[in-house]
Amino acid sequence: MPPTDTATAAFREFSNPATGESITFTATSQDGAEDVARFNWRSAPGGSITEHLHPHQEERFAITVGEAHFMVAGEHRVAGPGETLVVPIGVPHSESNPGSIGIEGVIELRPALHTKEMFEAFGGLGSEGKTTARGAPKNPLQLGATLWHFRHESRATSPPIWLQNILLPPLAALAKVFGVRPYYERWDSRIQPARGPRLP
């Protein structure tokens, strides 16, 4: 994987205020034969991502600027410029930026699954002020809809997953009844081609 990825013309940058992240996708499974979600990533000073795991995906962090601090399966790890940290499938991990400068890097998740939409959903909810300080949706119906929909991509480790498996499905079902969707098109970061004038 290259240390940086500049093929960003197809996507706009978006941010998640709860985690301090800014993301610009550079590749998804829709863009070619490679089954990967890849994005340029920035973490602001003081930013942090709470502990979670990816049940079916390997995640790679290639750091280009700053020092990213990780907890991986309870072990403290630090990755600086030129270093890559690999988190295997199903391993709990978290990330933080305790430094005074932003962290930059490239992240890959394989296989891609619905990773793009998941990050866009949490970034969109956060930007709209609809999440807690930890980044979880404030509305219980939105919580159920979004977390359950993206359960194959990411699972928070607290509360325990077995408890989430009891609580989230009924919330997701109720959300569907009330028309609360897990993902909205307004969060899509893909830049749509400009449409020409309509013919008479």
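Thr 131 sits in the loop that runs between helix α1 (115–127) and helix α2; helices (H or I, at least four residues) and strands (E, at least two) are DSSP runs, numbered from the N terminus. The model is predicted, so local features need pLDDT of at least 70 and side-chain atom pairs count only at pLDDT 80 or more, while totals for chains, interfaces and linings use all residues. Residues are numbered from 1 along each chain as its sequence is written, and side-chain values use heavy atoms, with hydrogens and water left out. The points below cover the loop residue, the helix packing and the salt bridges.

**Thr 131**

- Thr 131 is buried, at a relative accessible area of 10%; buried means under 20%, exposed over 50% and partly exposed in between (1.4 Å probe, protein chains only).
- Apart from neighbours within four places in sequence, Thr 131 is in contact with Ala 18, Leu 125, Gly 126, Ala 136, Pro 137 and Lys 138, where contact means heavy atoms within 4.5 Å.

**Packing of α1 and α2**

- Two packed helices are described by the angle between their axes and the distance between the axes.
- The axes of α1 and α2 cross at roughly 160° and come within 10 Å; axes are lines fitted to C-alpha atoms, for helices over the stretch in contact, and angles run from 0 to 180 degrees between N-to-C directions.
- The pair is therefore roughly antiparallel (under 35 degrees counts as roughly parallel, over 145 as roughly antiparallel, 65 to 115 as roughly perpendicular and the rest as oblique).
- α1 and α2 make a left-handed crossing, meaning that the near helix is turned anticlockwise from the far one by less than a right angle, whereas clockwise is right-handed.
- Ala 121, Phe 122 and Leu 125 of α1 make the contact with Gln 142, Thr 146 and Leu 147 of α2.
- Of the residues in the contact of α1 with α2, 4 are nonpolar, 2 are polar and none is charged; Ala, Val, Leu, Ile, Met, Phe, Trp, Tyr, Cys and Pro count as nonpolar, Asp, Glu, Lys and Arg as charged, and the others, Gly among them, as polar.

**Packing of α2 and α3**

- Helix α2 (residues 140–149) packs on helix α3 (residues 161–177) at about 110°, and the axes are 7 Å apart.
- That angle makes α2 roughly perpendicular to α3.
- The crossing of α2 and α3 is left-handed.
- On the α2 side the contact includes Leu 143, Leu 147 and Trp 148, and on the α3 side Leu 168, Leu 171 and Ala 175 are among the residues involved.
- The contact of α2 with α3 has 12 nonpolar residues, 3 polar and no charged.

**Salt bridges**

- The structure has 10 salt bridges, each a side-chain nitrogen of Lys or Arg within 4 Å of a carboxyl oxygen of Asp or Glu.
- Arg 42 pairs with Glu 13 in one of these bridges, with 2.8 Å between the closest N and O atoms.
- Arg 42 belongs to strand β3 (residues 37–43) and Glu 13 to the segment before β1 (14–16), so this pair ties together parts 29 residues apart in sequence.
- Arg 42 is partly exposed at 37% relative accessible area, and Glu 13 is partly exposed at 42%.
- Arg 110 and Glu 108 form a salt bridge at 3.2 Å, N to O; Arg 110 is partly exposed at 29%, whereas Glu 108 is buried at 2%.
- Lys 130 and Glu 128 also meet in a salt bridge, at 3.2 Å, N to O; Lys 130 is partly exposed at 39%, and Glu 128 is partly exposed at 32%.
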